[in-house]
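Me: I've just opened this one and I'm new to it. Can you walk me through it?

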Amino acid sequence: MKNTFLYFIVTFLLFRCSSDDNEGSDTFPTFSETTIQEILEAHNAYRSDVNISDISWSEELATSAQAWATELAVDCEFKHSNSDFGENIWAGTEGAFSPTDVVTSWGSEIDDYDYDSNICATDKDCGHYTQIVWEKTSKVGCGVATCDGLDIWVCQYDPPGNFIGEKPY
């Protein structure tokens, strides 16, 4: 009974957070094709810069990412899930940032990443960037939910990246 109720709540919240482009759809809520293309173009620009193949959109990953974003928004938490996918999370003022802005925030970590040594500058984070350019990753899916004036973005990646001792490409 508890799982059925939780499923109902998550489904309801996902429906409320979904794009208006999907009204009347009998599929799980998702981004519009325009937004999906923007997310892919932003990711693939970083991948192109290091001469690796583009990633494609995955509805399975988008569904998982949306469910996690919705769960985070329930209590305004900001933590990674325990999924089997790679994952980048981000939060910013509701409605103020485009999908490109979100991916660019992660991608800007390139400035602190040294490929030759495969390390990040002291007290800096580069894992979001390296997940974007993880060569073996072929699919991405994202979701967003809002809590207390913040959009919480989650993108999940398959296969995951960021394995200790391995370079991203």
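This is a predicted model: local features need pLDDT of at least 70, side-chain atom pairs count only at pLDDT 80 or more; totals for chains, interfaces and linings use all residues.

Me: OK. How many helices and strands does the protein have?

Reply: The secondary structure comes to 5 helices and 6 strands. Starting at the N terminus, the order of the elements is α-α-β-α-β-α-β-β-α-β-β.

Me: And what percentage of the residues count as buried?

Reply: The figure is 41% of the 169 residues.

Me: Let's talk about the core. Which residues of the largest nonpolar core touch the most other members?

Reply: Those are F31, W57, W106 and V140, in a core of 26 residues. The elements giving two or more residues to this core are α2 (33–49), α4 (99–107), α5 (127–132), β5 (139–147) and β6 (150–158).

Me: Which element gives the most to this core?

Reply: That's α2, with 5 residues.

Me: What is W57 in contact with?

Reply: Setting aside neighbours within four places in sequence, W57 is in contact with T30, F31, I36, I39, L40, A62, V140, G141 and C142. There's also a second, separate core of 10 residues, and its members include L72, A73, I152 and V154.

Me: Back to the helices. How do α2 and α4 sit against each other, in angle and distance?

Reply: Their axes come within 9 Å and cross at roughly 20°. Angles under 35 degrees count as roughly parallel, so α2 is roughly parallel to α4.

Me: Is the crossing left-handed or right-handed?

Reply: Where α2 passes α4, the crossing is right-handed.

Me: Which residues meet there?

Reply: From α2 you have T35, E38, I39, A42, H43 and Y46, and they meet P99, T100, V103, T104, W106 and G107 in α4. The residues of this contact divide into 6 nonpolar, 5 polar and 1 charged.

Me: New topic: α5. Where does Y129 lie, and is Y129 buried or exposed?

Reply: Y129 lies in helix α5. Y129 counts as buried because its relative accessibility is 1%, and the cut-off for buried is under 20%.

Me: Now the loops. Where is I52, and is I52 buried or exposed?

Reply: I52 lies in the loop between α2 and β1 (56–57). I52 is buried, with a relative accessible area of 10%.

Me: What is I52 in contact with?

Reply: Leaving out neighbours within four places, the contacts of I52 are R47, V133, W134, E135 and Y169. Along the chain, I52 and W134 are 82 residues apart, yet their C-alpha atoms are separated by 8.8 Å.

Me: What about N51, buried or exposed?

Reply: N51 counts as exposed, at 69% relative accessibility. N51 lies in the loop between α2 and β1, and has a positive phi of about 60° although it is not a glycine. Most residues other than glycine have a negative phi.

Me: Where else is there a positive phi in a residue other than glycine?

Reply: One is C76, where phi is near 55°. C76 sits in the loop between α3 (59–75) and β2 (86–93). C76 is partly exposed, with a relative accessible area of 33%.

Me: K79 is in the loop between α3 and β2 as well. What does K79 touch?

Reply: Beyond residues up to four places away in sequence, K79 touches W68, L72 and I89. L72 is one of the residues in the second core. K79 counts as partly exposed, at 41% relative accessibility.

Me: Last one. Which residues does the cis peptide bond join?

Reply: D158 and P159, with omega about -10°. P159 lies in the segment after β6.

Note on methods. Residues are numbered from 1 along each chain as its sequence is written. Side-chain values use heavy atoms; hydrogens and water are left out. A nonpolar core is a set of buried Ala, Val, Leu, Ile, Met, Phe, Trp, Tyr and Cys residues joined through side-chain atoms within 4.5 Å. Buried means under 20% relative accessible area, exposed over 50%, partly exposed in between (1.4 Å probe, protein chains only). Helices (H or I, at least four residues) and strands (E, at least two) are DSSP runs, numbered from the N terminus. Contact means heavy atoms within 4.5 Å. Axes are lines fitted to C-alpha atoms, for helices over the stretch in contact, and angles run from 0 to 180 degrees between N-to-C directions. Angles under 35 degrees count as roughly parallel, over 145 as roughly antiparallel, 65 to 115 as roughly perpendicular and the rest as oblique. A crossing is left-handed if the near helix is turned anticlockwise from the far one by less than a right angle, and right-handed if clockwise. Ala, Val, Leu, Ile, Met, Phe, Trp, Tyr, Cys and Pro count as nonpolar, Asp, Glu, Lys and Arg as charged, and the others, Gly among them, as polar.
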